[in-house]
Amino acid sequence: MKNLLTSLFNLLPSETVFAHCDIPCGIYDPHQAQLAAHTIIRMMNLVGEVHEEDPKMLAHQISRITKVKEEHAESVKHEVTVLWGDYFKEEHLKDYPKLHELVFKTLKLASKARQGLDLEVAKELLANVQTISEIFYKTKGLEPVRVKSPYPTEGELVIFK
Amino acid sequence: VRALPISRFIVSGNSMVPLLSEGKSVVSFNWYYLLSKPKIGDIVVAQVGKRLVVKKISAIRAKEVFLIGEYRDKSTDSRNFGWVKHTQLIGKVILSF
């Protein structure tokens, strides 16, 4: 029934209706999401490295590290959501049909990384963000490459040639 | 009020993601608000300046509605262009495909 209706409605002339964001600037970059994912790994490592005799200072240091970890988990969610909502289009889904699922899993991992201290979760989050970055560059007609990051995490960064 | 009861529009932009994404067709029933009052949550096509916009009604006051995008971080809506008069509503979205 819906198919019949849509076929009939397709016969109607169409007009453009706008659902625009503030400034369609066209400037998108997956780098910030990668930076944030690396930061989460670094913060989880730092939690295990804190040496403080004074319990007050120990609580203080752990609190500071946790705050940064949580902020960067939110940053991953924000950056990935912007790419998903503003940049990726229907035509990209034809080439990358699992993109929605990948974004969904990435957002869930970011929330999990925010809540806990499981390094494996943080590593999986970074891997997902790297995959999204590769897809992003490919949709731009660029060739993505993985290089060793200069960060203490020693993980990789996805850039393009 | 448009003479035709039904119009088809193609969505441009992402402020209604995930409900409506770029390139989707939406069909509006243009006589809907002759018979019914606007309700919060209605997806509507409205004339704002020279543009037609598709947004959701988030608040109602006498003869005016407040429209917002579904993806609020990235939407130009009544927070920018203010309250919209009932007479600016083209129709209620009844179908998207």
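Start by colouring chain A by secondary structure: read along the sequence, chain A follows the pattern α-β-α-α-α-α-α-β-β. That comes to six helices and three strands, where helices (H or I, at least four residues) and strands (E, at least two) are DSSP runs numbered from the N terminus. Bear in mind that this is a predicted model, in which local features need pLDDT of at least 70 and side-chain atom pairs count only at pLDDT 80 or more, while totals for chains, interfaces and linings use all residues. Residues are numbered from 1 along each chain as its sequence is written, chains are lettered from A in the order in which they are written, and side-chain values use heavy atoms, with hydrogens and water left out.

**Stop 1: chain A as a whole**

Of the 161 residues in chain A, 38% are buried; buried means under 20% relative accessible area, exposed over 50%, and partly exposed in between (1.4 Å probe, protein chains only). Now think about contacts, meaning heavy atoms within 4.5 Å. Among the contacts in chain A with a separation of 6 or more, 64% are between residues 24 or more positions apart.

**Stop 2: a loop residue**

Select A:Thr153, in the loop between strand 2 (144-148) and strand 3 (156-160) of chain A. Is A:Thr153 buried or exposed? Its relative accessible area is 18%, so A:Thr153 is buried. Show its neighbours too: leaving aside residues up to four places away in sequence, A:Thr153 touches A:His38, A:Ile41 and A:Arg42.

**Stop 3: aromatic rings**

Next, display the aromatic side chains. Rings of Phe, Tyr and Trp (its six-membered ring) pair if their centres lie within 6.5 Å; planes under 30 degrees apart count as stacked, over 60 as edge-to-face and the rest as tilted. Over all chains, the structure holds seven aromatic pairs. One of them is A:Tyr137 with A:Phe160, a tilted pair at 5.0 Å centre to centre and 50° between the planes. A:Tyr137 lies in helix 6 (residues 119-139) and A:Phe160 in strand 3 of chain A, so the pair ties together parts that are 23 residues apart in sequence. A:Tyr137 is buried at 6% relative accessibility, whereas A:Phe160 is partly exposed at 39%.

Jump to chain B and pick B:Tyr32 and B:Tyr33: their ring centres are 5.1 Å apart and their planes are at 85°, so this pair is edge-to-face. Both of these tyrosines, B:Tyr32 and B:Tyr33, are buried. Back in chain A, select A:Tyr87, A:Phe88, A:Phe136, A:Tyr137 and A:Phe160 together, and you have one aromatic cluster.

**Stop 4: where the chains meet**

Show both chains. The contact takes 23 residues from chain A and 33 residues from chain B. Between them the chains bury about 2500 Å², 56% of it on carbon and sulfur atoms; buried area is the accessible area (1.4 Å probe) that two parts lose on being put together, summed over both. In chain A, A:Glu15, A:Val17 and A:Phe18 lose the most area to chain B, together 26% of what that side buries.

Zoom in on A:Glu15. Which residue forms a salt bridge with A:Glu15? The partner is B:Arg2, with the closest N and O atoms 2.6 Å apart. A salt bridge is a side-chain nitrogen of Lys or Arg within 4 Å of a carboxyl oxygen of Asp or Glu, and the count between chain A and chain B is one.
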